[in-house]
Amino acid sequence: MRSGHRLGRRFGWLWGAYGTSALGTWLAFGAFPLIAIRELRAGPAEVAALSSVGAAVGAAVAVPLGPWVEFRRKRPVLIAMDLVRFAALLTIPTAFVLGILTFLQLLLVSVVVAAADITFRAASGAYLKTLLPAEDLLIANARFESTTWTTTIIGPPLGGAAIGLLGPVATVAADAISYLLSALGIRATGGHEPRPEWREGTRMRARDLLDGWRYILADATLRPLFFNTALFNGLLMATQPLLAVLMLGPLGFTAWQYGLAFAAPSIAGLLGSRLARPLVTRFGQHQVLLAAGALRALWPVGLAFLGPGTGGLLLVIGVELGLIFCCAVFNPVHTTCRLERTATDRVTRTLSAWAVTTKASAAILTAAWGVLGGLLGPRTAIGLAGVLLLATPLLLPRRAAAHAHEPGASAAEAHSAVPPHTSA
């Protein structure tokens, strides 16, 4: 490990680009549901559909992009995906100013952004391995995780204030601009990136679309992690639209209170991300995965007891504190474990398949919970999701991963593979 943990100028630009776009995303936290609820008079089912349909169709669109990106230079792809998200999001404030904004447009933009998000995540993982040696992986992951929670602390309160003064559409415009700045930051990384080569011919075949899933399901460690993260993230995301409806509707919380409830607990994310590496050093990767993965599942059920006023706000903050701390420990360790077991020539396809499944499961569960919220009420549906989350630790891998093993890769390839970063 290098002295001072300096990861280089090119990583610095990539890190800065990530931080900029992450801040923009959190500035616009909850903007789409707010626009749908306040400007377009959408109900619980429509708000849930906004998240579920956009994510599901976006995931379907992204399926062929993973294998396609695998054999292309990643930096131009990253820049292109940032520009696509910039252009798509910018149509929202434009249509609003012109008085022609519709719910259908919100859906279409969410589809485009979801597909671009998946493609960006998969390509960024493969790109990072050209910037850093393997021994710096956990350091880089922890820095990205720390940046995520820093922007989470700053973004929602600023976004909530902007929504109060200017409306939610203004924060969507800020999010769009953040992607433009991110594209410029990635462009500034410079350097030469060799073009990957096809191993078998030069044409992508239909069977290549499933390579990522085949790779994941063939690995004894990746497979349970895959199902665990898909179910955990899906159930957690499914409650977000219902929580927004409950807090901003019957419980009467203001936009700034809603933002504060999710921003203040992010301080725990900074602590968790900083503790991830020392905990792995002391207890081992597998033990930290199991402990953090189990503990993070205990918290969300508490949201079923949410009430109005200061007590309700403190309850949300307390639940989110515990949840975020455990997730901040789990995420970089999970990312490291996952990527250590991915062969160099399968990185983009594997990460793309992972992201597509995560998006699709979140979409399906969000749609289902939207229906449940309409039938049973938001509070009951949130409580049901919390109970099901308690079972997700059963899907965590029971045995420690053998880091040097990479299914489908030669011993030399497994030894030399440098795992890249991507978000869980």
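## Salt bridges

A salt bridge is a side-chain nitrogen of Lys or Arg within 4 Å of a carboxyl oxygen of Asp or Glu. This predicted model holds five of them.

Asp-211 belongs to helix H9 (residues 211-217) and Arg-349 to helix H15, so the pair ties together parts that are 138 residues apart in sequence. Both Asp-211 and Arg-349 are buried.

## The network at Arg-85

Salt bridges with shared partners join Asp-82, Arg-85 and Asp-117 into one network. Arg-85 meets Asp-82 at 2.7 Å, N to O; these two are three residues apart in helix H5 (residues 74-98), and so about one helical turn separates them. Between Arg-85 and Asp-117, the closest N and O atoms are 2.5 Å apart. Because Asp-117 lies in helix H6 (residues 103-128) and Arg-85 in helix H5, this pair ties together parts that are 32 residues apart in sequence. Arg-85 and Asp-82 are buried, and Asp-117 is buried as well.

## Nonpolar cores

The largest nonpolar core has 33 residues; among those touching the most other members are Phe-232, Leu-243, Phe-262 and Trp-369. Elements giving two or more residues to this core include helix H10 (222-248), helix H14 (309-340) and helix H15 (347-376). H10 supplies the largest share, ten residues.

Beyond its neighbours within four places in sequence, Leu-243 is in contact with Phe-262, Leu-303, Leu-306 and Ile-382. Another core, of 22 residues, lies apart and includes Ala-28 and Val-172.

## Surface patch

Leu-295, Leu-298, Trp-299, Val-387 and Leu-390 form a nonpolar surface patch, together with about 450 Å² of accessible area. Trp-299 sits in the loop between helix H13 (285-295) and H14, and is partly exposed, with a relative accessible area of 35%.

Terms used: Residues numbered from 1 in each chain as written. Predicted model: local features only at pLDDT ≥ 70, side-chain atom pairs only at ≥ 80, totals over all residues. Heavy atoms only, no water. Core = buried A, V, L, I, M, F, W, Y, C linked by side-chain atoms within 4.5 Å. Buried < 20%, exposed > 50% of the residue type's maximum accessible area, 1.4 Å probe, protein only. Helix = DSSP H or I, 4+ residues; strand = E, 2+ residues; numbered from the N terminus. Contact = heavy atoms within 4.5 Å. Patch = residues over 30% accessible without salt bridge, like charges linked within 9 Å, V, L, I, M, F, W, Y side chains within 5 Å. Areas by Shrake-Rupley, 256 points an atom, 1.4 Å probe, with all protein chains shown as cover.
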